[in-house]
Amino acid sequence: MSVRGVLYVHSAPPALCPHVEWAVAGILGVPVDLPWVDQPAAPGMLRAEADWQGHPGVAGEITSALAGWNRLRFEVTEEASPGCDPMRYCYTPDLGIFSAVTMANGDILVPESRLRAAMTVAAAAASGVVRLTHGAHPETATLEEELSRLLGEPWDDELEPFRCAADGAPVRWLHATG
């Protein structure tokens, strides 16, 4: 079974670009030569994007391989496949990884358990009780702020200037072996 997706490297220092290509090549099993161009939103940085085709779960594998690299900002999407929901992953050095199931139109789907956790955190903060659950942040304890995090809004806010600067950038197709 094969799925498709897109890797958007929104900003990378030039010295890191070959390492990004090697990491993605190791996952896809084919050589990767991304079409790097200047990133106007961050002078001295480069950006690239590539459509890819591989097995279900490749988007998560790419995210795991690239996450934590200093000064790298990226997104990876994966289309739906039988038994697998479409996914979106984002990474920024300041915020870390965001992942979400998406709908065909790109809307984020939030699981019931995550909504309940957000309500619990907000209620505890409102009552003066600080109770942290996985993914909760004491400085963002209102329900509105917790829902914003569940929808990935802080990541969108940070990445949007880099996305807008990418209009008209070249795109390349990458196909996994096997």
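Reply: To begin with a definition, helix axes are lines fitted to C-alpha atoms over the stretch in contact, and the angle between them runs from 0 to 180 degrees between N-to-C directions. The model is a predicted one. In it, the axes of helix H1 (residues 17-28) and helix H2 (residues 58-66) come within 10 Å and cross at roughly 145°.

Me: What is the handedness of the crossing of H1 and H2, and which residues in H1 and H2 meet?

Reply: The crossing in which H1 passes H2 is right-handed. From H1, Val-20, Ala-23, Val-24, Ile-27 and Leu-28 take part, and they meet Val-58, Glu-61, Ile-62, Ala-65 and Leu-66 of H2. Sorted by class, this contact holds nine nonpolar residues, no polar ones and one charged residue.

Me: Why does Ser-11 count as buried?

Reply: The cut-off for a buried residue is under 20% relative accessible area. Ser-11 has 0% relative accessibility, and therefore counts as buried. Ser-11 is found in strand E1. Beyond residues up to four places away in sequence, Ser-11 touches Gln-39, Met-45, Leu-46, Arg-71, Leu-72, Arg-73 and Phe-162.

Me: What makes Ala-59 buried, and with which residues is Ala-59 in contact, leaving aside its neighbours within four places in sequence?

Reply: The relative accessible area of Ala-59 is 1%, which is under 20%, so Ala-59 is buried. Ala-59 is found in helix H2. Its contacts, neighbours within four places in sequence left aside, are Trp-52, Val-76, Thr-77, Glu-78 and Tyr-89. Ala-59 and Val-6 lie 53 residues apart in sequence, while their C-alpha atoms are 8.3 Å apart in space. For the chain of 178 residues, 44% count as buried.

Me: What makes a set of residues a nonpolar core, and which residues touch the most other members in the largest one?

Reply: The members must be buried residues of the kinds Ala, Val, Leu, Ile, Met, Phe, Trp, Tyr and Cys, joined through side-chain atoms within 4.5 Å. The largest nonpolar core has 30 residues, and Leu-7, Val-20, Trp-36, Trp-52 and Ile-62 touch the most other members. At least two residues of this core come from each of strand E1 (3-12), H1, strand E3 (46-54), H2, strand E4 (73-78) and strand E5 (87-92). H1 gives the largest share, seven residues. Another core lies apart from this one; it has six residues, among them Phe-98, Ala-100, Trp-155 and Leu-159.

Me: Which residues does Leu-7 touch, not counting residues up to four places away in sequence?

Reply: Leu-7 touches Val-24, Leu-34, Ala-48, Glu-49, Ala-50, Trp-52, Ile-62, Leu-66, Glu-75 and Val-76. In the chain, 62% of the contacts between residues at least 6 apart in sequence join residues at least 24 apart.

Me: Which residues are buried in helix H4, and what do the buried residues of H4 pack against?

Reply: In helix H4 (residues 143-150), the buried residues are Glu-146, Ser-148, Arg-149 and Leu-150. The buried residues of H4 pack against strand E6 (96-102), strand E7 (108-109), helix H3 (112-126) and helix H5 (153-164).

Methods: Residues numbered from 1 in each chain as written. Predicted model: local features only at pLDDT ≥ 70, side-chain atom pairs only at ≥ 80, totals over all residues. Heavy atoms only, no water. Buried < 20%, exposed > 50% of the residue type's maximum accessible area, 1.4 Å probe, protein only. Contact = heavy atoms within 4.5 Å. Helix = DSSP H or I, 4+ residues; strand = E, 2+ residues; numbered from the N terminus. Left-handed = near helix turned anticlockwise from the far one by under 90°. Nonpolar A, V, L, I, M, F, W, Y, C, P; charged D, E, K, R; others polar.
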